[in-house]
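This briefing walks through helix packing, charged pairs and a few individual residues. Please keep the sequence and the 3D view at hand while reading.

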Amino acid sequence: MMGEKGLQAVIFDLDGTLLDSMHVWEQVDQRFLRENRILPPAGISDRLKTMGIREAAAFFISEFALDMTPEQVIARIENLAAEEYRLRIPLKSGVLEVLDGLDARRIPYCIATATYDSLVEAALERLGIRHRFRFVLTCSQVGSTKAKPDIYLECARRLGHAPREILVAEDALHAIETANSAGFFTFGVYEPTAAADWQRIREISGGWGMELTELLQYFI
């Protein structure tokens, strides 16, 4: 089935869009710094949110003069977040309704995320929805962050549709800007931790909603 504006597929972000997990990363950033005897600077999580995994590790090392390798930083942060993904992080409101609605309309969908591969799989398997996605693609697999369109373009290639035929659901301003620039139809999802960007997200997105379920209007 073809949706409004010729939309035929969906690319979902994970954290803040499908999973109620953004607060976890703020906590992890602070725990990591505190265990290295560093008082977390104000706004540190905002500085990190556009970075990829390796970029964030390099930032921690250079900014705070840590005697660690990037691999050690990456492994420790992954370990700090792992328990939350394995045991506790819930779906955001309306996710199952949206997936059911897309399935009923025969609209294919996938995930494009900057999160660690192991954490993605752990959470999706626990929540019982991993099998519902055509595939999951991470920034580490593609080799670039969401500041570049590579991950979205690779998703489009795998889905077999042009960018203009795909709705990208994201909660992060920088990711929406990137998807817009690559020709995708963007849908901004409200996320409390990104409330400061919400006005701008509404201005530049093709559509937006306080609830994820509002994207189904584009696939009537």
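For the angles and distances that follow, an axis is a line fitted to C-alpha atoms, for helices over the stretch in contact, and angles run from 0 to 180 degrees between N-to-C directions. The model is a predicted one, and the values given below are computed from it. Two packed helices are described by the angle between their axes and the distance between the axes.

**Packing of α3 against α4**

- Helix α3, which spans residues 53-64, and helix α4, which spans residues 70-87, have axes that come within 9 Å and cross at roughly 110°.
- Because angles of 65 to 115 degrees count as roughly perpendicular, α3 is described as roughly perpendicular to α4.
- The crossing in which α3 passes α4 is right-handed.
- On the α3 side the contact is made by Ile53, Arg54, Ala57, Phe60 and Ile61, and on the α4 side by Pro70, Glu71, Val73, Ile74 and Ile77.
- Sorted by class, the residues in this contact of α3 with α4 comprise 8 nonpolar and 2 charged ones, with no polar residue.

**Packing of α1 against α4**

- Helix α1, covering residues 22-35, also packs with α4, here at an angle of about 135° and with the two axes 10 Å apart.
- The relation between α1 and α4 is therefore classed as oblique.
- As α1 passes α4, the crossing is right-handed.
- From α1, the residues Val24, Trp25, Val28, Arg31, Phe32 and Glu35 meet Val73, Arg76, Ile77, Leu80, Ala81, Glu84 and Tyr85 of α4.
- The contact of α1 with α4 divides into 9 nonpolar residues, 4 charged residues and no polar ones.
- Val73 and Ile77 are listed for α4 in its contact with α3, and these two residues are also listed for α4 in its contact with α1.

**Valine 24 in α1**

- Valine 24 lies in helix α1, and its relative accessible area of 2% makes it buried, because buried means under 20%.
- Leaving aside residues up to four places away in sequence, valine 24 touches Glu84 and Ile89.
- Between valine 24 and arginine 76 there are 14 Å in space, C-alpha to C-alpha, while the two residues are 52 residues apart in sequence.

**Salt bridges**

- Arginine 130 and glutamate 121 are joined through their side chains by a salt bridge of 3.0 Å, N to O, and glutamate 121 is partly exposed, with a relative accessible area of 30%.
- In a further salt bridge, the side chains of arginine 157 and glutamate 154 meet at 2.6 Å, N to O.
- Arginine 157 and glutamate 154 are both part of helix α8, residues 150-159, where they sit 3 residues apart, about one turn of the helix.
- With a relative accessible area of 58%, arginine 157 is exposed.
- Asp13, Lys146 and Glu170 are linked to one another in a network of salt bridges.

**Serine 45 in α2**

- Serine 45 is placed in helix α2, which runs over residues 44-48, and at 14% relative accessibility serine 45 counts as buried.
- Not counting residues up to four places away in sequence, serine 45 touches Glu26 and Asp29.

**Loop residues with positive phi**

- As background for this group, most residues other than glycine have a negative phi.
- Arginine 37 has a phi near 60°, a positive value in a residue other than glycine; arginine 37 is found in the loop between α1 and α2 and is exposed, with a relative accessible area of 80%.
- Arginine 106 likewise has a positive phi, of about 60°, although it is not a glycine.
- The loop that holds arginine 106 lies between α5 (95-104) and β2 (109-113), and arginine 106 is exposed there, with a relative accessible area of 73%.

Key. Residues are numbered from 1 along each chain as its sequence is written. This is a predicted model: local features need pLDDT of at least 70, side-chain atom pairs count only at pLDDT 80 or more; totals for chains, interfaces and linings use all residues. Side-chain values use heavy atoms; hydrogens and water are left out. Helices (H or I, at least four residues) and strands (E, at least two) are DSSP runs, numbered from the N terminus. Angles under 35 degrees count as roughly parallel, over 145 as roughly antiparallel, 65 to 115 as roughly perpendicular and the rest as oblique. A crossing is left-handed if the near helix is turned anticlockwise from the far one by less than a right angle, and right-handed if clockwise. Contact means heavy atoms within 4.5 Å. Ala, Val, Leu, Ile, Met, Phe, Trp, Tyr, Cys and Pro count as nonpolar, Asp, Glu, Lys and Arg as charged, and the others, Gly among them, as polar. A salt bridge is a side-chain nitrogen of Lys or Arg within 4 Å of a carboxyl oxygen of Asp or Glu. Buried means under 20% relative accessible area, exposed over 50%, partly exposed in between (1.4 Å probe, protein chains only).
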